[in-house]
Amino acid sequence: MTSLDDLPIRDDLRGRRPYGAPQLDVPVRLNTNENSYPVPEPVVEAIGKAVAAELRDLNRYPDRDAVALRADLADYLGHGLGTGNVWAANGSNEVQQQLLQVFGGPGRTALGFTPAYSMHPLLATGTGTAWRDGNRGPDFGLTAADAVAQVREHRPDLVFLCSPNNPTGTALDPEVLDAVLAEAPGMVVVDEAYAEFARPGTPTALALLPGHPRLVVTRTMSKAFGFAGGRLGYLAADPAVVDAVQLVRLPYHLSALTQAAARAALAHRDLLLGTVEAIKEQRDRIVAGLRLRGRRVADSDANFVLFEVGDDERVAWRALLDHGVLVRDVGLPGWLRVTAGTPQETDAFLTAIEAAIESVPTGSDSGLTGSDSGLTGSGPTGPRPAATGPAPTDSGTV
Ligand SMILES: *Cc1c(COP(=O)(O)O)cnc(C)c1O
């Protein structure tokens, strides 16, 4: 049997692993920050009609420039943006890949501040862009001075910022963005995948677009809109950036079905975004519930919560899975991430956390504590033990 190693793949891809949040069939899936609510029936019908209307014309290529969809997206964003400011693709991941293709590439570098979205370095690598792992301060904070110092050190062609940040959940201090925009020699990409969940008053980078032709804001319909399966992400920027992306985008990259479905979803955005407030309530319930149990929790402006489990998050991840709840091991030692969904899912998660305390094999009698004492307690030291039982394990990407 031929293995990957036998194939003449690029040297810089050798030994790498693909992005892989496990897609497991468990009752409570809270690991990829999807919207837990199914698409409401009126929207199902509208999308069905819109898609059906395209079917006879599938012999033809779709609108290569997706003009009608981009106009709808610009209308949704507001901030005085028009069709020429917006570009769309199959998920914001594809948008970011296109940005790296046109502004990055071999001999160029991109900088992000870890922990942040794990796809940013993967997309950089895939496009031959050297990735620079910048860092954050204690408690995952990022100050303007710290960010500027790292930009100055690396002189990156692209800087990736994420607000609210995945996996920590916190929104970016506007001073950081101002400072990075003033210092960065190249493009500044602000990934706002979770913008709709931010607390009232949280600024969006969209407001800074006028006068900043090197600023790009990426958004997605995968999270708040509950349209992850529809695959639609987009960017807002100076029209010159949209022109630049044309140099690398595949012709007809957005299918007629995707464009029609996304437009129908956008036309019903009030209904689709109607779940956002309910999800924010569950997010705040999870934060309060975990703090009540003595855990350290990062403040969240998103639809997920990063919480401390102790020394070995892989053991805790596995224990929660054994209780029917799939959360995310983002590769941060001692921490796990859980998505906020329905009230029933919050109940199941908080119950599983309680139950997992009893089942985790550990030398400590405190088990899943929220403090520094952690999982292993007086148990083994040295290399972290492997999670018990057979696969699946999480890949450690966000
Ligand atoms: C989920 C997520 C996305 C969404 O990617 P799509 O390709 O639009 O589904 C983008 N950025 C971050 C930080 C995310 O967490």
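**View 1. Glu 192 and the residues it touches.** Glu 192 is in contact (heavy atoms within 4.5 Å) with Ser 163, Thr 204, Ala 205, Leu 206, Val 217, Thr 218 and Arg 219, leaving aside residues up to four places away in sequence. The residue sits in the loop between β6 (187-191) and β7. Helices (H or I, at least four residues) and strands (E, at least two) are DSSP runs, numbered from the N terminus. Glu 192 counts as buried because its relative accessibility is 4%; buried means under 20% relative accessible area, exposed over 50%, and partly exposed in between (1.4 Å probe, protein chains only). A word on the model itself: it is predicted, so local features need pLDDT of at least 70 and side-chain atom pairs count only at pLDDT 80 or more, while totals for chains, interfaces and linings use all residues. Residues are numbered from 1 along each chain as its sequence is written, and side-chain values use heavy atoms, with hydrogens and water left out.

**View 2. Lys 223 in its loop.** Here you are looking at the loop between β7 (215-220) and β8 (233-237), where Lys 223 lies. The UniProt record, an unreviewed entry, places the feature "modified residue: N6-(pyridoxal phosphate)lysine" at Lys 223; UniProt positions are given in the numbering used here, feature names are shortened, and annotations may be inferred rather than shown by experiment. With a relative accessibility of 13%, Lys 223 counts as buried. Not counting residues up to four places away in sequence, Lys 223 touches Thr 32, Asn 33, Asn 35, Ala 193, Tyr 194 and Phe 197.

View 3. An N or O atom in the side chain of Tyr 194 is 2.5 Å from an oxygen atom of the ligand. A polar backbone atom of Ser 92 is 2.7 Å from a ligand oxygen atom, and a polar side-chain atom of Lys 223 is 3.3 Å from an oxygen atom of the ligand. The protein buries 94% of the 380 Å² that the ligand exposes when taken alone. Accessible areas come from the Shrake-Rupley method with a 1.4 Å probe; for residues, only the protein chains shown count as cover.

**View 4. Asn 35 and its polar partners.** Follow the loop between β1 (28-29) and α1 (41-54) to find Asn 35. Its relative accessibility is 11%, so Asn 35 counts as buried. The side chain of Asn 35 makes a polar contact of 2.9 Å with the side chain of Thr 275, and reaches the backbone oxygen of Ala 224 at 3.2 Å. Leaving out residues up to four places away in sequence, Asn 35 touches Lys 223, Ala 224, Gly 226, Thr 275 and Ile 279.

View 5. Most residues other than glycine have a negative phi, and most peptide bonds are trans. Thr 114 and Pro 115 are joined by a cis peptide bond, with omega about 0°; Pro 115 lies in the loop between β3 (109-114) and α4 (119-126). Asn 166 and Pro 167 are also joined by a cis peptide bond, with omega about 15°, and Pro 167 belongs to the loop between β5 (158-162) and α6 (174-183). Phe 140, not a glycine, has a positive phi of about 65° and is found in the loop between β4 (130-135) and α5 (144-154). Phe 140 counts as buried at 15% relative accessibility. Arg 155, in the loop between α5 and β5, has a positive phi near 45° and is partly exposed, with a relative accessible area of 44%.

**View 6. Leu 232 in the largest nonpolar core.** This core has 44 residues, and Leu 161, Met 221 and Leu 232 have the most contacts inside it. A nonpolar core is a set of buried Ala, Val, Leu, Ile, Met, Phe, Trp, Tyr and Cys residues joined through side-chain atoms within 4.5 Å. The residues touched by Leu 232 include Leu 69, Leu 73, Phe 227 and Leu 254. A second, separate core of 34 residues includes Tyr 194, Val 276, Leu 326 and Leu 350.

Notes: A polar contact is a pair of N or O atoms within 3.5 Å; within protein, one must be able to donate a hydrogen and the other to accept it, and residues adjacent in sequence count only if both atoms are side-chain atoms.
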